[in-house]
Amino acid sequence: MAFLEINRLHKQYGSVEVLKGVDIAIEEGGFLVLVGPSGCGKSTLLNTIAGLESISSGEISIDGKVVNDLHPSKRDIAMVFQSYALYPSMSVGENIAFGLEMRGVSKADREKAIQGVAGMLQIEHLLKRRPGQLSGGQRQRVAMGRALVRDPKLFLFDEPLSNLDAKLRVDMRTEIKRLHQKLGTTIVYVTHDQIEAMTLATQIAVLKDGILQQVGSPDEVYSKPANMFVADFMGSPTMNLIEARIENGGGSLSVEIPQRDRSLSLPVPQPPTSLQSYSGRSVVLGIRPEDITDLDGADPKAEHIAHANCSVEVVEPTGADTFVVTQLGGKEVTGRMRSANGLSVGADVPFAFNMGKIHFFDPATELRIA
Amino acid sequence: MSAASKDTALRTGVIARALIYSILLVFAVFYLLPLFVMLVNSLKTLDEIRQGNMLAFPEVFTFEPWIQAWGEAQIGVEPTGLKPYFINSLVMVVPAVIISTLLGAINGYVLTKWQFRGHRVVFGLMLFSCFIPFQIVLIPMARILGILDLAGTTSGLVLVHVVYGLGFTTLFFRNYYDAFPTELIRAATIDGAGFFRIFRRILLPSSGPIIVVTVIWQFTNVWNDFLFGASFADFDSQPMTVALNNLVSSSTGVKEYNVHFAGAILAALPTLIVYVVSGRYFVRGLMAGAVKG
């Protein structure tokens, strides 16, 4: 039995169904990230785990105990809120100790606990201040301290970094990861930022419209997206999704991308059997920008590189890489080049396609074929 | 000037500024004139008032009218002055203000943070009670006070004012708590605090401005109320306003204008003090709900 188990969870507001049968399980010490666009139900899911919102049907259990009807304070959880939710009239120390105070912990023990957490988060010098006198990053630390001090079974984070500026967000992300590795706590973390999800998670759950799209390790979700939504959502820039046809040319399959003047045919190496039945039919070809490169930039370990000339439409240098936009199958396709050398708009340049890392989706069901 | 220009939307010329200030000054003087007349004449002897010049300073200062109004003037049938009625008013106002403010705060808390099915309707009805004229409730209220055996008592008046004030106090607190972040309540819930503990430890400490607004509002309304006092009070529980009326509109004896002026100022003094002490919070608090942030 997993540490946190969510079975067939439904949540309705009147006639609106927000969560439509969610099943997730994580082991103790795991870091589950719930990710999805706004309105997908990820915060609602977190609130139901916390007990702040009731569930319509299903079951939530923490450490083998069903908590469906348990009051939030009795679930042995701690939550970090997006707005930090620090009590404005209390000092930082009182904020951290409030939960202990409510549980009747003696003042001496509370002091000790505050000192321990403050030391870990390096906020000792702030303990006497009010939340209003703190910067965003400091408030974030205090909010985490308040969660950590109670040493709960489960930590819940509701978009904790979205109110910080870009640099601080990256720093705090590392800090959260370090804390998780050090303390080995079990965490459920909500974010709409797929980079946060990739960097922090041991398990990612992608949600859309209250339906779980995929659960898996960051690598699984990234390299084997279950459907076109996950493929599109994870990764930046997003995966190129191109309408194409599978052609069977004497035992070997190839994918043909219709173009205005010449249609582009790329061989499919070691085609999985699931793809065979699609020969002669249209599919959606998915290929990530990092798998469309200049010839020098192609992965030297990749076994199946296909070359094709495409005309450059937009060049976007970012410093380390240069993103190049071209047209394939009537859609804009982004590739990632090593340098901007020789790339001018309108030029016909050779692109290298890493055919070992392509994805196929069914255009009707949007599900992954291979 | 440089400091002021930061706060003002537009920098205006010196002449325009002088014009604005002189107009404001004229209006201020105009509005303060009645108070001036009352104050000046309350310090004159009756003979001096009879000579006619209302705006003149007293030739002979005398505190006799004040002493009269406070402790000796004939009110109704007793020569008690306003003192016992002043105390009546205080005994009525203090509990009425405290109870209605506290209940309003709890109402606002429930209506925003513990919403239940139909909370909008309940709030709508409470809001509606703010617009019911006093006169309409007189007879039903008299019946209820009779049933509760509170007719003619100070407790009865406290009840009337609490009930009547509840609509306003609820409105104030509801709008204030509406902007109060709900995540704080959730955080406290997870921390293990219950309904009243959250109210006392999280909400109340942040409610200073709105408490001041509500207390001022309730204090002035209850203190200045005449109709309920005249309708529901007995001789031994009549508030200041009713006593003042009895003093001024007495139809026997000489009209002692100086005593009347002194009495009127005495009656208005507590509300005046409350405004002077905390008026700036009042304005700030009333604005607080209007603009977020």
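User: Among contacts in chain A between residues at least 6 apart in sequence, what share joins residues at least 24 apart?
Analyst: This is a predicted model, in which local features need pLDDT of at least 70, side-chain atom pairs count only at pLDDT 80 or more, and totals for chains, interfaces and linings use all residues. Residues are numbered from 1 along each chain as its sequence is written, while chains are lettered from A and ligands numbered from 1 in the order in which they are written. Two residues are in contact if their C-beta atoms, placed from the backbone, lie within 7 Å. In chain A, the share joining residues at least 24 apart is 65%.

User: What percentage of chain A is buried?
Analyst: A residue is buried if 20 or more other C-beta atoms, placed from the backbone, lie within 10 Å of its own, exposed if 12 or fewer do, and partly exposed in between. Chain A has 370 residues, and its C-alpha atoms fill a box of roughly 80 × 45 × 35 Å along the principal axes. The buried part of chain A is 41%.

User: How far apart are the centres of the two domains of chain A?
Analyst: Domain bounds come from an automatic or database domain assignment. In chain A they give domain 1 (4-226) and domain 2 (240-361). Taken over C-alpha atoms, the centres of these domains are separated by 40 Å.

User: How many strands does chain A have?
Analyst: Helices (H or I, at least four residues) and strands (E, at least two) are DSSP runs, numbered from the N terminus. Chain A has nine helices. Its strands number 20.

User: Which residue in E4(A) is the bridge partner of Leu4(A)?
Analyst: Two strands pair if DSSP finds at least two bridges between them. Strand E1 (residues 4-13) and strand E4 (residues 57-62) of chain A pair in the antiparallel sense over five bridges. In E4(A), the partner of Leu4(A) is Ile62(A).

User: Which are the edge strands of the open sheet of five strands in chain A?
Analyst: The strand order is E15-E19-E16-E17-E18, with antiparallel pairing. Each edge strand pairs on one side only. Those are E15 (292-293) and E18 (331-337) of chain A.

User: Within E19(A), what is the bridge partner of Ser311(A)?
Analyst: Strand E16 (residues 305-317) and strand E19 (residues 348-354) of chain A run antiparallel. Seven bridges join them. For Ser311(A), the partner is Asp348(A).

User: Which helix gives the most to the side of domain 1 of chain B that touches domain 2 of chain B?
Analyst: Chain B is assigned domain 1 (12-62) and domain 2 (83-288), with centres 33 Å apart over C-alpha atoms. Their contact takes eight residues from domain 1 and seven from domain 2. The top giver, with four residues, is H2(B).

User: Why does Gly76(B) count as partly exposed?
Analyst: Gly76(B) is found in the loop between helix H4 (64-72) and helix H5 (83-113) of chain B. Not counting residues up to four places away in sequence, Gly76(B) touches Phe235(B) and Asn246(B). Gly76(B) counts as partly exposed because its C-beta neighbours inside 10 Å number 14.

User: What distance separates the end C-alpha atoms of helix H11 (residues 208-224) of chain B?
Analyst: Buried residues in H11(B) include Ile210(B), Trp217(B) and Trp223(B). The expected span of a helix is 1.5 Å times one less than its number of residues. H11(B) has 17 residues, so the span should be 24 Å. The model agrees, with the end C-alpha atoms separated by 24 Å.
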